[in-house]
Amino acid sequence: VEAAESPDGDPPLLLEAAYTGEVWRNVSGGVRQDGSYLDNIDIIATLDAERAWGWAGTTFVVSGLHNNRPTLSDRIVGDIQTVSNIDTDGATRLYEAWVERAFDAGAIKLGLIDLNSELDVNETGALFINSSHGIGPDFSQVGENGPSIFPITGLGGVMRWDYSERVQVRLAAFEGTVGDPTHPRRTTVDLESGEGALLVGEVTLRPTEANRTLLGVWRHTGRSTEFADEDVVRRTESLGLYALTEGTLMERGERSLSGFLRLGFADADVHQISRYVGAGLVWSGPMLARAEYEEQLGLAVGSITNGDAFRHAQADFGLAYERHETTIELTYRVQALSW
């Protein structure tokens with residue numbers, strides 16, 4: 001849906017809505033054999049303030065999010081990495097509300113921001129449904145209520161500096177605890193004194209147009225959940241690193257093969273997941289349908305390592321955790337209709 005047009009014919013205001021529905025069935029192993037239906041509704045309003053009011057390089061975005069209550073991983077599968085990237089306890093909430101000002105050499109964004117829209121973005125992994133191929137699980141575990149990502153975002157700022165066509169730098173700061181951990185389905189926006197912060201630095205290197213490498217480091221100074229008791233919160237600082245390389249491996253006409261490799265490390269004295277490695281291949285191009293139906297076939301693997309401190313703390317309570325969890329995803333995608 002598009003609003004009134006500017007003099008040059010392009011509308012300054014764009015309204016978008018998207019619905020995603022997923023039917024799942026766990027047929028073997030896990031917590032129990034059962035099924036679940038997950039859904040996700042996004043409503044997004046984007047205002048180009050330069051076209052609307054002449055504010056050069058300025059964009060406003062406001063979005064809302066709704067998810068139903070049934071969950072999959074915690075009730076049925078029992079995995080750590082989360083099978084579906086829209087799996088959550090359900091809520092209707094304000095998701096993002098930010099303003100961005102673009103300059104010749106970069107941009108500054110402030111407000112309620114999905115951190116993963118700017119940082120640790122795996123473009124090749126976007127085909128896959130498993131949460132680990134979005135933001136890495138070594139990063140998504142940070143903080144008492146997670147970082148500022150789906151389904152709960154927090155206040156933050158991101159500065160992007162385009163050093164050259166091949167080098168890009170991002171610096172970001174977010175509140176240390178997003179939302180309200182005691183009321184996870186409530187929309188809460190605040191900056192409590194003493195809650196700490198999540199600081200992130202990331203460098204993007206593009207040796208060619210079709211390939212890129214990310215190198216990132218984060219430092220969290222807020223609160224985390226105690227290993228031995230998930231109801232006990234402690235103040236602690238932690239550090240993590242991640243690296244992602246991705247791009248086109250082969251291209252022949254309308255067909256191409258892309259791949260990615262991601263590594264992540266987190267402080268094992270503070271966090272459950274100490275290491276993560278993920279990799280995937282995606283074939284794009286005509287297979288069973290014509291080229292305009294945008295077929296893709298992908299295979300991805302993700303593996304986490306539970307840290308020794310976490311495993312020992314759980315063992316004191318009689319809970320046994322494997323050292324590793326590995327997921328394998330095979331996904332085929334085709335545009336069903338021409339529109």
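**Side-chain pairs and nonpolar groups**

Analyst: Lys109 and Glu118 are both buried. Here, buried means under 20% relative accessible area, exposed means over 50%, and partly exposed lies in between, using a 1.4 Å probe and protein chains only. This is a predicted model, where local features need pLDDT of at least 70 and side-chain atom pairs count only at pLDDT 80 or more, while totals for chains, interfaces and linings use all residues. Residues are numbered from 1 along each chain as its sequence is written, and side-chain values use heavy atoms, leaving out hydrogens and water.

Lys109 and Glu118 form a salt bridge, with their closest N and O atoms 2.7 Å apart. The term requires a side-chain nitrogen of Lys or Arg within 4 Å of a carboxyl oxygen of Asp or Glu. Side chains of opposite charge can pair when their charged atoms come close. The structure holds 15 such bridges.

Another salt bridge joins Glu123 to Arg212, at 3.9 Å from N to O. Glu123 sits in the loop between β5 (106-113) and α3 (137-140), and Arg212 in strand β9 (residues 211-220), so this pair ties together parts 89 residues apart in sequence. Helices (H or I, at least four residues) and strands (E, at least two) are DSSP runs, numbered from the N terminus. Arg212 is buried, at 8% relative accessibility. Glu123 is partly exposed, at 48%.

Salt bridges with shared partners also join Arg25, Arg32 and Asp34 into one network. Within it, Arg25 and Asp34 have their closest N and O atoms 3.9 Å apart. Arg25 is exposed, with a relative accessible area of 55%. Asp34 is partly exposed, at 24%.

Now the nonpolar side chains. A nonpolar core is a set of buried Ala, Val, Leu, Ile, Met, Phe, Trp, Tyr and Cys residues joined through side-chain atoms within 4.5 Å. The largest core has 17 residues, and those touching the most other members are Leu115, Phe139, Phe174, Leu198, Val200 and Trp218. β7 (167-175) and β8 (197-208) are the elements that give two or more residues to this core. Take Phe174: beyond its neighbours within four places in sequence, its contacts (heavy atoms within 4.5 Å) include Ile113, Leu115, Val158 and Leu198. A second, separate core of 7 residues includes Leu214, Leu244, Phe260 and Val282.

Rings of Phe, Tyr and Trp (its six-membered ring) pair if their centres lie within 6.5 Å; planes under 30 degrees apart count as stacked, over 60 as edge-to-face and the rest as tilted. Phe139 and Trp218 have ring centres 5.9 Å apart and planes at 5°, so they are stacked. This pair links distant parts of the chain, with Phe139 in helix α3 and Trp218 in strand β9, 79 residues apart. Both Phe139 and Trp218 are buried. Trp161 and Tyr163 form an edge-to-face pair, 5.2 Å centre to centre with 80° between the planes. Trp161 is partly exposed, at 43%, and Tyr163 is exposed, at 55%. Ring pairs also link Trp53, Trp55 and Phe60 into a cluster.
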